[in-house]
Amino acid sequence: MSLDRRSGCPINLSLEVFGDRWSLVILRDMIFGGRRHFRELLNGSMEGIASNILADRLKRLMELGMLTKADDPSHKQKAIYSLTEMAITLVPILAHLGAWGRVWLPTSEELSIRAELLEKGGPPMWEKFMDELRHEHLGEPAAPTAGPSVRATLQAAYEAVVASKARAASPAA
C-alpha cells in the first residue's frame, strides 16, 4: 500500500499510519488483549468498532506490513491475525502513550494500571513482552523466563483493581 505522503517527516508519516481513530486500538487489543480473530476484535473492544471499519483497518494494517493473516487451523471459516515485527516494536511507544495519558488525561484506575506497570517496568519489561509477542505471533523460540508472562502480569493487575473496586462498592455485610 502506498501512502499519500504530505512530507518525508517521520512524525507526519507515522500519523499517516496511525492517525485514524482505530488502528492503534486494534493493535492495542492484539498486543495487550491477545485477540487474534476478527470476532474477538469486534466484540472484545470496549470502544465499539463497527465491523466494516474493523475489516477496513485490518486490511490496511496488513497492507502496511503490520499484520499478517492466515487460515486458522482450528476452524475452517476463521482467519487468525498475527503481528509482524513492525507492530511488535510498537510496545515501547504504546507504553509511553499510556504513561502520558495517565498523567494528562482523566483515565480510570482499572484501565490505567497496565500503563502504570509498563511505565515502572521500563525497557526490561518491554523487551520481555516483545520477546513473548515474537514467540506468540512469529513463532520464534521462547526465551527462558521465570514467573508469569508480561500479559498475564498486566491482566492480573487489572483484575485486582476491578475486584478491589467491586469490594469497595459493595455494601458492608
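# A guided tour of the predicted model

Begin by selecting Arg39, which lies in helix α3, residues 38-44. Helices (H or I, at least four residues) and strands (E, at least two) are DSSP runs, numbered from the N terminus. The model is predicted: local features need pLDDT of at least 70, side-chain atom pairs count only at pLDDT 80 or more, and totals for chains, interfaces and linings use all residues. Residues are numbered from 1 along each chain as its sequence is written, and side-chain values use heavy atoms, with hydrogens and water left out.

**Stop 1**

Is Arg39 buried or exposed? Because its relative accessible area is 53%, Arg39 is exposed. The classes are buried (under 20% relative accessible area), exposed (over 50%) and partly exposed (in between), with a 1.4 Å probe and protein chains only.

Next, select Lys78, in the loop between β1 (67-71) and β2 (79-83). Lys78 has 39% relative accessibility and therefore counts as partly exposed. Arg39 and Lys78 are 39 residues apart in sequence, while their C-alpha atoms are 9.1 Å apart in space.

Return to helix α3 and select Phe38, which also lies there. With a relative accessible area of 24%, Phe38 is partly exposed.

**Stop 2: the whole chain**

Now display the chain as a cartoon. It contains 8 helices and 2 strands, and from the N terminus on the elements run α-α-α-α-β-β-α-α-α-α. The C-alpha trace spans about 60 × 40 × 35 Å along its principal axes.

The chain has a radius of gyration of 17 Å, which agrees with the value near 16 Å that a compact globule of 173 residues would have. This radius is taken over C-alpha atoms, and the globule rule is 2.2 Å times the number of residues to the power 0.38. Of the 173 residues in the chain, 37% are buried.

**Stop 3: the largest pocket**

Rolling a probe the size of a water molecule over the atoms shows where empty space is left. The search uses a 1 Å grid over the protein atoms alone: a cavity is a set of points where a 1.4 Å probe fits but cannot get out, a pocket is an open set with protein on both sides within 12 Å along at least five of seven lines, and lining residues have an atom within 4 Å of a point. Grid points are joined across faces, edges and corners, and a volume is the space filled by probe spheres set on the points.

The largest share, 7 residues, comes from α2. The space in this pocket is about 1100 Å³.

By class, the pocket lining has 15 nonpolar, 10 polar and 8 charged residues. Ala, Val, Leu, Ile, Met, Phe, Trp, Tyr, Cys and Pro count as nonpolar, Asp, Glu, Lys and Arg as charged, and the others, Gly among them, as polar.

**Stop 4: the largest cavity**

The structure holds 1 cavity of 30 Å³ or more. To find the largest cavity, select Trp22, Val25, Ile26, Asp29, Leu41, Ser45, Ile49 and Leu54, which line it. About 40 Å³ of space lies within. Which element gives the most to the lining of this cavity? It is α2, with 3 residues. The cavity lining divides into 6 nonpolar residues, 1 polar and 1 charged.

**Stop 5**

Finally, select α7 and α8, which pack at an angle of about 160° with their axes 7 Å apart. That angle makes α7 roughly antiparallel to α8. Axes are lines fitted to C-alpha atoms, for helices over the stretch in contact, and angles run from 0 to 180 degrees between N-to-C directions. Angles under 35 degrees count as roughly parallel, over 145 as roughly antiparallel, 65 to 115 as roughly perpendicular and the rest as oblique. The contact of α7 with α8 has 13 nonpolar, 2 polar and 8 charged residues.

In the loop between α7 and α8, select Gly147. Gly147 counts as exposed because its relative accessibility is 58%. The C-alpha atoms of Gly147 and Leu64 are separated by 35 Å, and the two residues are 83 residues apart along the chain.
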